[in-house]
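Please read it alongside the sequence and the model.

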Amino acid sequence: MKNPKTLVLILMIGFWVGLLSAQESRIVEIRQAGSFEKDEAQYPGANILLKKGDTRVHLFHKGALIKSNTSFFYSKRNFFEASGAVVFTQGDTLRMTSDYLEYDGKKGFAKAWGNVFLKQPDMTLETDTLYLDRVENIAYYETPGTIVDSSSVLKSNRGKYFMNEKKYRFISNVRIDNPEYKVTSAQLDYFTESNKAFLYGPTKIIGADYDIYCERGFYNMETQQGNFRQNALINYNEKIIEGDSLYFENEREYAAATDFVSITDTINNSIIRGNYAEIFKAKDSAIITRKAYAINILEKDSLFIKADTLVGTGPAEHRVLRGYYNVKILKSDIRGKSDSLYLDDKIGKIELHKRPLSKKEEQILSDDDKNSKNPVLWFGASQMSGEVIYLKTEKGEKKLDSLQIFGNAFIIEKDSLSSDGYNQIIGSELYGDFHDGALKNLDVVKNTMVIYYLYSDSGELIGINKTICSALDIVFDNNEINEISFYVSPDGEVFPEEKIDRNLRKLKGFLWRINERPETFEDLFGPEKTEIPEVTILKE
């Protein structure tokens, strides 16, 4: 058996040899130099390595080779300064050139400045000063830098490259120029392998036919597809789309928005809002649901249209809006309700429709139930309903021109003096005219019947007029019936109030629907009103 002291000595020698070997692996190695000098007075502790002829200075450390014309190598500090056409290479994956370079072998840290140019297989970087942390495998710059990859030019005032993750972090005045789009941002994280960018701070993306703004988001720079949040906005196909969260796909020509969505038609000066929307550019269409409502200009006033689902279609010069289910409309002087709605700005027409009844519904529903499904409008004190209602505007003007009601046209107006009296007019069709935005004349034709309360100038009830005729004309004043004229062999008389049974004071199909009339914007949504976003009133 060996002497224990000898064994200990062998172990100690092995330890120190291993330690020295490890230290040597961390010490910068001089591979070649044209000449060697010392100048302790001016450069104490430095080995001055110089180029001579074609022989340049080569220093090596942990897989990195640094070539230069001049190097001051401080061996005790494991540090050197290089200048003159400096070339830093690391394997075949990284090559950097600069005018000057400082390198700390203990920390594995380099600083290059003066016309810095870094090249990797998939990109190049140019800047004035670049820092390279070989321990963390991070490169960063704090002077304006330009990166060029296979498809884009990326610029920023500051930047950091995480080599292990192949991720760039661009900070301050970030700009990306791509043949298909341009990006400006406050901060952008870019993954080179996947071409994905994560956006932080105010960001704009401008494509061939879309503009995007957000303050936080994700964007695939190869597919032009992304999610955007925080004050997000897309200007797409002459529509401005806003929402808490936006999604966009350029190839599909598609965008979607969720939560507090707003779509502004910049050409036709209209807005549609809701909590979910999908936009299909190729089809010139947008679908909005979940508390959906539109705001259009009519008579220099906001016309609100609420529906379970709103669909906008058509190019900018001929946009059409459709509303489906539980439609309500609200304007300062008009209220309305229907099952569906059609609005065509170009021809100046709003249509209100009821849902077609099934055969079973036709058989089992009462007249009141059937009439309750008819669209209805309120002009001031007057309620008007029918199977279909048309509101028309003057051509080229957002100004009401005429009113048409087809199928069981029914006018009801609460008598202003009696407690339970109603003036009523029914006919097959109704035609009305507007003057300066106010309803002025109505013609009711075919199978016309009237119940009307007549008063003396002193306000005393004269009687109740019941008349049947082929047609009649009504003159309105302040949206109230002012005068009625009967045509084509009217058959009727005025009865004293006590001579008419109360059950006969209402025409067949009478249904006073005042409880359905929306009075305020919040009434459009009923129980949901507390969740409706703040309203912006449009003005021409």
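**Notes on the model**

1. Arg169 counts as partly exposed at 27% relative accessibility, where partly exposed lies between buried, under 20% relative accessible area, and exposed, over 50% (1.4 Å probe, protein chains only). Its salt-bridge partner is Asp189, with the closest N and O atoms 2.9 Å apart, and Asp189 is buried, at 3%. A salt bridge here is a side-chain nitrogen of Lys or Arg within 4 Å of a carboxyl oxygen of Asp or Glu.

2. This is a predicted model, in which local features need pLDDT of at least 70 and side-chain atom pairs count only at pLDDT 80 or more, while totals for chains, interfaces and linings use all residues. Residues are numbered from 1 along each chain as its sequence is written, and side-chain values use heavy atoms, leaving out hydrogens and water.

3. The mean pLDDT (the predictor's confidence in each residue, from 0 to 100) of the protein chain is 86, and 93% of its residues reach 70 or more. Over residues 1–25, however, the pLDDT is below 50.

4. A search of the whole structure finds 19 salt bridges. Among them, Arg517 pairs with Glu519 at 2.6 Å, N to O; Arg517 is buried, with a relative accessible area of 17%, whereas Glu519 is partly exposed at 39%.

Methods. Contact = heavy atoms within 4.5 Å.
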